[in-house]
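I opened my notebook to look up how the parts of this fold pack together.

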Amino acid sequence: MKKSGKHPPALATDSTGHPVEEFSQAMEGVTPLPPHGRALLPADLPPPLPRRFLEDEIEAARSALQDPLRWDEETEMEADASYVRAGIPRLLLRDLRRGGWIIQAELDLHGLTRTEAKHELVGFLHDCKRRRVRCIRIIHGKGLGSKNREPVLRQHVRHWLKQREEILAYVEARPVDGGSGAVVVLLKSASR
């Protein structure tokens, strides 16, 4: 028999002897690592929260739902236009009133019942704390759509805010930010 001198094409193999073509098919859709060989993770991962902390927050929300405040009996409407926690300079209120802080997050409670609003507020404050947000606006409405056109949530929201440890101060929003239908709130920084 005469040899033709042509050999069948050799399959390219990797260092383990597996054909490269099979490897390429197996790796289809896989994103290769960058040339330095390290995976790049997002830098802004939220800090982990202990499960007990979350359970405590939920329990605090439940207990606060038995809120003793009756806005029509115990609180004057104008008395809660602003609040600053003891030990915090009152000049902070002036800065908040003048828009000296950038509003980083907002919660709109329009149309919610008192119970729903309380749950939403607790969850929102928890999320703001986790994301390290400092200045927020909470829109509670002016009560124009409620029974007797009374601002039912207004006093409750302000009362609930005073009970929260992370609240440093709040003021009634500027007209451009909602006026008497909203409050601008300053939260503790993560380092406090």
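**Entry 1: two helices.** I began with H5 and H6, and their crossing is right-handed. I noted that the model is predicted. I looked up the general rule: two packed helices are described by the angle between their axes and the distance between the axes. Here the angle is about 40 degrees, and the axes lie 11 Å apart. H5 and H6 are therefore oblique to each other. The cut-off matters for that word: oblique covers what is left after roughly parallel (under 35 degrees), roughly antiparallel (over 145) and roughly perpendicular (65 to 115).

Which residues meet between H5 and H6? From H5 I listed Arg114, Ala117, Lys118, Leu121 and Leu125. From H6 I listed Leu153, His156, Trp160, Leu161 and Gln163.

**Entry 2: the sheet.** Next I traced the strands. Five of them form an open sheet, in the order E1-E4-E5-E3-E2, with mixed pairing. E1 (82-84) and E2 are the edge strands, and each pairs on one side only. I read an average twist of 20 degrees from one strand to the next.

H5 packs on this sheet and touches E2, E3, E4 and E5. Its direction makes about 170 degrees with that of E2. H6 lies across E1, E3, E4 and E5, and runs at about 155 degrees to E4.

**Entry 3: strand E3 and its partners.** I then looked at both pairings of E3. With E5, E3 pairs in the antiparallel sense over five bridges. Isoleucine 138 has valine 183 in E5 as its bridge partner. With E2, E3 runs parallel, and four bridges join the two. Glutamate 106 stands opposite arginine 137 in E3.

What are the two faces of E2? Ala105 and Leu107 make the covered face, while Glu106 and Asp108 make the uncovered one.

Entry 4: Is arginine 137 buried or exposed? Arginine 137 lies in strand E3. Its relative accessible area is 15%, so arginine 137 is buried, since the cut-off is under 20%. Leaving aside neighbours within four places in sequence, arginine 137 is in contact with Ile103, Ala105, Glu106, Leu107, Asp177, Ala182, Val183 and Val184.

Isoleucine 139 also lies in E3. At 15% relative accessibility, isoleucine 139 counts as buried too. Beyond its neighbours within four places in sequence, its contacts include Leu107, Leu109, Gly181 and Ala182. I checked one distance: isoleucine 139 and leucine 153 are 14 residues apart in sequence, and 9.5 Å apart in space, C-alpha to C-alpha.

**Entry 5: the cores.** Last, I looked up the nonpolar cores. In soluble globular proteins, nonpolar side chains tend to be buried together. The largest core here has 21 residues. Ile136, Ile138, Leu161 and Val185 have the most contacts inside it. The elements that give two or more residues to this core are E2 (105-108), H5 (114-131), E3 (135-139), H6 (152-163), E4 (167-172) and E5 (182-187). H5 gives the most, with five residues.

A second, separate core has 14 residues, among them Val84, Ala169, Val171 and Ala182.

I ended on leucine 161. What does leucine 161 touch, leaving aside its neighbours within four places in sequence? I found Leu121, Leu125, Ile138, Ile167, Tyr170, Val183 and Val185 in contact with leucine 161.

Conventions. Residues numbered from 1 in each chain as written. Predicted model: local features only at pLDDT ≥ 70, side-chain atom pairs only at ≥ 80, totals over all residues. Heavy atoms only, no water. Core = buried A, V, L, I, M, F, W, Y, C linked by side-chain atoms within 4.5 Å. Buried < 20%, exposed > 50% of the residue type's maximum accessible area, 1.4 Å probe, protein only. Contact = heavy atoms within 4.5 Å. Pairing = 2+ DSSP bridges. Axes fitted to C-alpha atoms, helices over the stretch in contact; angles between N-to-C directions. Left-handed = near helix turned anticlockwise from the far one by under 90°.
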